[in-house]
Amino acid sequence: MTLYDDAVLVLEDIEGQEELRQAYLDHLQAHPDGMWKACTAGHVTASALVIDPEQGRVLLTLHRKLRMWLQMGGHCEPGDATLEAAALREATEESGIAGLTLLPGGPVRLDRHPIPAPCNWHFDVQYAVVAEPGAVQEISDESLDLRWFAYDEVAGVADDSVVRLLEATRTRL
């Protein structure tokens with residue numbers, strides 16, 4: 001099974017967000033290269049919100065290019081067997097935290113957002129990962145900063161897409 005096939009299966013299984021889910025499926029049907037950064041019509045990305053439920057906090061990255069507090073995430077790579085694997089890889093690379101575990105139940109949300117040309121759109125499949133108690137982050141080259149925020153602080157620093165992801169994650173917890 002290819003990453004493309006995995007993405008289609010994952011998207012077909014997502015409940016809720018039907019219109020957006022269909023837009024993702026339509027995009028992939030129209031663009032067989034829609035999993036990859038080279039697809040200038042837009043491409044699927046995988047992200048993960050790093051959570052520490054024991055202390056009621058999330059780890060956000062101050063994105064180097066966008067200069068916004070966001071969840072960890074990015075482009076799929078040829079070595080990624082699944083979207084879950086891509087999200088977990090991105091979260092581990094960007095947080096520096098080993099031993100993250102995916103929150104059961106598959107993706108938490110979908111979020112399509114415009115990005116600067118030449119790519120135009122990210123079709124983000126959003127997961128959540130749980131950090132072990134006391135996990136210590138290590139900043140990567142992709143971040144200006146990494147910081148833990150209490151659940152109730154997130155709305156004051158991040159955009160609505162991160163707030164919605166946190167709300168959906170907390171519901172699933």
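Does Asn120 count as buried, partly exposed or exposed, and what is its relative accessibility? At 34% relative accessibility, Asn120 counts as partly exposed, where buried means under 20% relative accessible area, exposed over 50% and partly exposed in between, with a 1.4 Å probe and protein chains only.Is Asn120 buried or partly exposed? At 34% relative accessibility, Asn120 counts as partly exposed; here buried means under 20% relative accessible area, exposed over 50%, and partly exposed in between, with a 1.4 Å probe and protein chains only. We will come back to this residue after a walk through the rest of the chain.

First, some ground rules. This is a predicted model, in which local features need pLDDT of at least 70 and side-chain atom pairs count only at pLDDT 80 or more, while totals for chains, interfaces and linings use all residues. Residues are numbered from 1 along each chain as its sequence is written, and side-chain values use heavy atoms, with hydrogens and water left out.

Let's start with the overall fold. The protein has five helices and eight strands, arranged along the sequence as α-α-β-β-β-β-α-β-β-β-β-α-α. Helices (H or I, at least four residues) and strands (E, at least two) are DSSP runs, numbered from the N terminus. The C-alpha trace spans about 45 × 30 × 30 Å along its principal axes.

Buried residues make up 49% of the 173 residues. Of the contacts (heavy atoms within 4.5 Å) with a separation of 6 or more, 67% are between residues 24 or more positions apart.

In helix H1 (residues 3-13), the buried residues are Leu3, Asp6, Ala7, Val8, Val10 and Leu11. Their cover includes helix H2 (18-30), helix H3 (83-95), strand E6 (109-114) and strand E7 (121-130). Tyr4 is also found in H1, but Tyr4 is partly exposed, with a relative accessible area of 25%. Leaving aside neighbours within four places in sequence, Tyr4 is in contact with Leu28, Gln29, His31, Pro32 and Met35. Tyr4 and Pro32 are 28 residues apart in sequence, yet their C-alpha atoms are 7.9 Å apart in space. The loop between H1 and H2 holds Gln17, whose phi is near 50°, a positive value in a residue other than glycine.

Strand E1 (residues 43-52) brings us to His43, which counts as buried at 0% relative accessibility. The side chains of His43 and His122 are joined by a polar contact of 3.2 Å; such a contact is a pair of N or O atoms within 3.5 Å, and within protein one must be able to donate a hydrogen and the other to accept it, with residues adjacent in sequence counting only if both atoms are side-chain atoms. A polar atom of the His43 side chain also lies 3.5 Å from the backbone oxygen of Cys39. Beyond four places in sequence, the residues that His43 touches include His27, Trp36, His75 and Trp121.

Arg89 is buried, with a relative accessible area of 16%, and a polar atom of its side chain lies 3.0 Å from the backbone oxygen of His75.

Finally, back to the loop between E6 and E7, where Asn120 is found. Asn120 has a positive phi of about 75° although it is not a glycine. Pro118 has its place in this loop too, and a cis peptide bond with omega about 20° joins Ala117 and Pro118.
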